[in-house]
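Dear colleague,

Please find the structure below, followed by a short account of what was found in it.

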Amino acid sequence: MSQLASRRIVLGVSGGIAAYKSVELCRRLVDLGAHVVPVMTADAHRFIGPVTLSALASEPVHTSLWDDASVIPHTQLGQTADIIVVAPATARVLSSYATGSSEDLLTATLIATRAPVVVCPAMHTEMWEHAAVQDNIKILRSRGVHIVEPETGRLAGGDVGAGRLASTERICAEIIRVLGISQDLVGVDIVVTAGGTREPIDAVRVIANRSSGKQGYAVAAVAAQRGARVTLITTVDRVAPVGVVEIQVETAQQMKDAVDTAALSADVVIMAAAVADFRPVIRADQKLKKADGIPNIVLEPTPDILASLGQRKRPGQILVGFAAETSSLVAHATAKLTSKCLDLIVANDVSALGVGFGYDTNAVVLLSPYAPPVNVALADKHTVAHALLDSVVEIRNQKQETK
Ligand code: CTP
């Protein structure tokens with residue numbers, strides 16, 4: 001079996017009891033044909049000897065930022081890796097990576113790479129379940145880092161619980177899966193919008209909606225992983241996925257201004273944002289006071305960003321809309337597909353459990369004039385993003401063929 005032939009894998013090992021399992025992982029990766037470059041933290045040396053890893057890997061262990069033959073080892077390791085795998089990842093490494101602190105060769109390499117990263121945490125249950133660790137996992141995941149969750153079982157000191165390093169089989173399967181992510185969007189310029197717009201009523205109040213932005217962020221992350229240049233125009237204060245340019249906006253008008261500019265050079269525009277349809281005509285400069293009585297808030301329509309892009313779509317440009325519906329899903333979505341001159345619409349029934357606003361999962365129907373409908377059953381939002389981008393790639397191919 002040489003499923004990983006000619007793949008360069010940086011294997012990061014940090015200082016936890018599960019470090020001994022990295023030896024078996026290293027061996028398995030080499031057996032699968034990979035060129036394995038081991039990087040150990042100083043604490044990892046307390047658990048296993050570097051000679052062991054050096055003997056099994058494809059080159060000797062790297063440990064220090066300072067005594068490597070290369071002048072800048074972290075950038076060299078980061079730039080040449082096809083993938084970086086950290087197994088085990090301790091709470092400290094997760095924290096350093098999440099906050100961007102480059103205190104040793106491993107964390108500096110993680111920050112200096114554009115390669116996909118697979119992180120395999122292992123620690124005691126109390127640490128794994130601590131809010132700080134879980135927050136760091138969330139941050140890393142939202143940036144597109146692949147997490148192989150620990151398993152439940154025997155831990156150091158005779159304890160039993162969640163926090164045991166995932167099996168070598170699971171880690172290898174994830175590496176093979178991530179490396180198999182197609183690079184079919186290289187050179188494609190994609191604009192993604194995310195989140196719900198907020199339309200001011202006065203100095204402190206807004207009209208908002210329940211959009212969490214999670215689907216838009218997942219689309220941006222997956223598009224970047226597939227090689228696209230991604231601009232994410234967002235109302236949500238979340239960490240942007242790796243390699244994505246983020247523009248923060250608040251209102252529909254601000255989103256329109258940013259989208260209109262970015263769309264000038266975009267090959268694909270994906271409007272995942274929930275744009276308010278109406279806004280107050282007047283925004284009071286001061287906070288409205290209760291003593292002044294019930295305010296009479298008069299609304300006016302916001303500009304329809306997608307419809308106006310549809311009116312002036314460049315040849316070859318692809319416009320993707322979202323239709324969050326609570327009834328007659330396909331009929332309403334098809335009407336929007338046509339009226340806004342779209343190439344694809346992602347229709348979801350937001351009244352169903354697990355679907356749409358706020359959830360980590362989604363279930364959608366992809367409708368396009370170019371292909372029969374595609375049903376994407378309930379899945380995490382990254383899986384839905386892959387399905388959406390598969391359709392975009394298909395539409396691009398069809399448009400290029402008919403040029
Ligand atoms: N959209 C937009 N600008 C608006 C409103 C919506 O660009 N002012 C985009 C959304 O980002 C989405 C698509 O149009 O991709 C459909 O949005 P939706 O709110 O479902 O449709 P509407 O046209 O607003 O129709 P309705 O609210 O009546 O369902």
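Domain bounds here come from an automatic or database domain assignment. On that basis the chain is divided into domain 1 (8-178) and domain 2 (189-401). This is a predicted model, in which local features need pLDDT of at least 70 and side-chain atom pairs count only at pLDDT 80 or more, while totals for chains, interfaces and linings use all residues. Residues are numbered from 1 along each chain as its sequence is written, and side-chain values use heavy atoms, with hydrogens and water left out.

The C-alpha centres of the two domains lie 36 Å apart. Five residues of domain 1 are in contact (heavy atoms within 4.5 Å) with six residues of domain 2. Together the domains bury about 570 Å², 55% of it on carbon and sulfur atoms; buried area is the accessible area (1.4 Å probe) that two parts lose on being put together, summed over both. Ser142, Arg143 and Gly144 supply 68% of the area that domain 1 buries against domain 2, more than any other three residues. Between the domains the count of salt bridges (a side-chain nitrogen of Lys or Arg within 4 Å of a carboxyl oxygen of Asp or Glu) is zero.

Alanine 91 belongs to helix H4 (residues 91-99); helices are DSSP runs (H or I, at least four residues), numbered from the N terminus. Alanine 91 counts as buried because its relative accessible area is 18%, buried meaning under 20% (1.4 Å probe, protein chains only). Leaving aside residues up to four places away in sequence, alanine 91 touches Met123, Met127 and Val133.

Yours sincerely

Methods
Helices (H or I, at least four residues) and strands (E, at least two) are DSSP runs, numbered from the N terminus. Buried means under 20% relative accessible area, exposed over 50%, partly exposed in between (1.4 Å probe, protein chains only).
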